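Subject: Structure for you to look at, with notes

Dear colleague,

Here is the structure I said I would hand over, together with my notes on it. Please open it alongside this message, and read the notes with the residues in view.

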Amino acid sequence: MRRTRAVLAGLVSALFLAVGGIALSSPASAASLVEVTNFGNNPGGMRMHIYVPDNRPASPAIVVAMHGCGGSGPGFYSGSEFASLSNQYGFIVIYPSAMQEAGFGRCFDTWSAASKRRGGGSDPVSIESMINYARQQHNGDINRVYATGSSSGGMMTQHMLAVYPDLFQAGASFMGVPFNCFASAADYPPGGSCTNGSMNRTPQQWGDLVRQAYPGYTGRRPPIQLWHGTNDTLVPYSLLQESVEQWTNVHGLSQTPTSTDTPQANWNRRRFGTQVEAYAIQGAGHSLPSTGMARAAIGFFGLDRTTPTTPPTPPTPTPTATPTTPPTTPPPTTPPPTSPPGSAGQIVHTQSNRCIDVPNSSRNNGTRVQLYDCHGQTNQSWTYTSNRQLQVYGNMCLDAAGSGNGAAVQIYSCHGQTNQQWNVNSNGTISNVQSGRCLDVWSTSNGAQVQLYDCHGQTNQRFNLAAR
């Protein structure tokens with residue numbers, strides 16, 4: 001046992017040197033890594049660093065790049081190729097630093113009950129806040145957000161795609177594990193049922209765990225790229241197949257690959273449609289990503305096909321800049337409705353031109369509302385009343401199931417409390433009287449669920465209540 005632990009500790013030390021803790025080289029650019037100390041709601045107590053390239057489009061994509069256990073955001077910045085690719089292709093990179101203790105040091109929380117459900121708290125909510133900061137401060141494109149990471153960061157990549165499927169467009173997980181593999185922090189390497197080599201669930205069981213993370217979600221699921229070394233003993237290579245089974249089930253795909261190839265020496269790739277790719281790296285231990293793999297991930301995201309343009313002003317902050325609280329656009333004190341009280345109409349999302357919709361014309365209390373193509377049926381017909389309720393079917397109200405960021409928005413029998421009262425504001429936002437937070441969607445796709453979030457007035461929070 002003493003010898004086994006020594007070997008494992010050596011493997012972990014090698015990983016930290018490769019991708020987490022040693023500055024191997026600095027990307028050549030005038031832009032610099034900047035720490036943001038006040039980026040919003042941070043229940044995980046995490047640190048945030050951000051890299052904004054000098055040359056980028058007016059609305060750049062956002063990549064969240066996450067380190068392994070014991071590492072840090074700055075370490076992963078220096079020890080991986082994502083920042084240099086950012087210079088080339090013009091996307092923003094967020095480097096979170098985990099602060100939760102597990103295994104061999106600070107790791108991303110993929111074990112707690114709070115982390116395993118959308119809006120539950122801990123690290124996933126902190127990462128969501130970082131993305132929102134990048135959107136507000138640097139005009140990041142909320143429709144092009146991607147996750148990647150190594151070891152604990154690879155685990156968190158799969159985790160975030162499960163908990164926030166409407167926020168991420170795709171992910172690339174290096175040496176990760178399936179979502180909800182860990183039962184507790186003690187389950188982290190080197191022991192525990194997840195990484196002791198015995199984990200074996202059916203595809204249906206794995207898929208159900210993902211679906212339970214965001215109950216009722218029927219929208220698009222993000223594609224995923226999975227990487228693992230065949231000689232990895234710290235996070236066993238067998239877990240690559242468990243991840244394949246989970247994500248192919250989530251996407252409704254066969255366990256039989258649609259194609260196999262070797263894009264590069266010792267890179268054996270299986271493809272399952274266009275949604276799942278699995279790379280088995282022959283002879284590699286716990287040491288990914290190695291040279292060229294970050295570029296393959298960026299290619300999978302589709303970010304290698306964009307030519308950056310002149311950056312918008314003002315320029316990227318310098319490391320000595322003191323970040324401030326992200327600006328918000330507060331709703332007017334006495335908001336005028338965009339259609340008169342008592343008139344029925346659709347609530348149209350201006351960014352997507354889709355409507356707030358009650359799925360399957362449900363009349364059940366607690367049914368979450370979503371975006372869907374406008375069709376004018378009764379499940380999309382809302383009446384804004386004189387007491388600020390948004391009613392559907394004549395007797396059910398738009399209802400906030402909570403008051404925090406990410407709280408569900410649903411229908412419920414009308415009762416007149418403030419969580420069912422809404423301000424229809426002149427800037428296009430619709431804010432909840434109880435919390436002051438706004439209706440918000442992370443995606444423009446059919447099935448994207450509506451939530452509450454801090455009001456900021458960006459296009460994903462703008463709606464038009466139009467009488468028919």
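A residue is called buried here if its relative accessible area is under 20%, exposed if over 50%, and partly exposed in between, with a 1.4 Å probe and protein chains only as cover. Helices (H or I, at least four residues) and strands (E, at least two) are DSSP runs that are numbered from the N terminus. Please bear in mind that this is a predicted model, in which local features need pLDDT of at least 70 and side-chain atom pairs count only at pLDDT 80 or more, while totals for chains, interfaces and linings use all residues. Residues are numbered from 1 along each chain as its sequence is written, and side-chain values use heavy atoms, with hydrogens and water left out.

Six of the six residues of β12 are buried, so the strand is largely enclosed by the rest of the structure.

As for its neighbours, two strands are said to pair if DSSP finds at least two bridges between them. Strands β9 and β12 run parallel and are joined by six bridges, and I281 in β12 is the bridge partner of G229. Strand β11 (residues 267–272) runs antiparallel to β12, also with six bridges, and here Y279 of β12 is the bridge partner of R269. The hairpin of β11 and β12 has three residues between the strands, and G273 takes a positive phi near 60° in it.

Turning to the aromatic residues, rings of Phe, Tyr and Trp (its six-membered ring) pair if their centres lie within 6.5 Å, and planes under 30 degrees apart count as stacked, over 60 as edge-to-face and the rest as tilted. The structure holds 10 aromatic pairs. One of them is the tilted pair of Y51 and Y77, at 5.6 Å centre to centre with 40° between the planes. Y51 lies in strand β2 (residues 47–51) and Y77 in helix α2 (residues 73–79), so this pair ties together parts that are 26 residues apart in sequence. The rings of W227 and Y279 have their centres 3.8 Å apart and their planes at 5°, so they form a stacked pair. That pair links W227 in strand β9 (residues 224–229) with Y279 in strand β12 (residues 276–281), 52 residues apart.

Helix α6 (residues 203–213) has W206, G207, L209, V210 and A213 as buried residues. Seen down the axis of α6, these fall within an arc of 150° (taken from the directions from the helix axis to the C-beta atoms), so they line one face of the helix. They pack against α5 (152–163) and α7 (238–250).

Finally, for the chain as a whole, there are eight helices and 24 strands, and 56% of the 468 residues count as buried.

With best wishes

How values were computed: Contact means heavy atoms within 4.5 Å.
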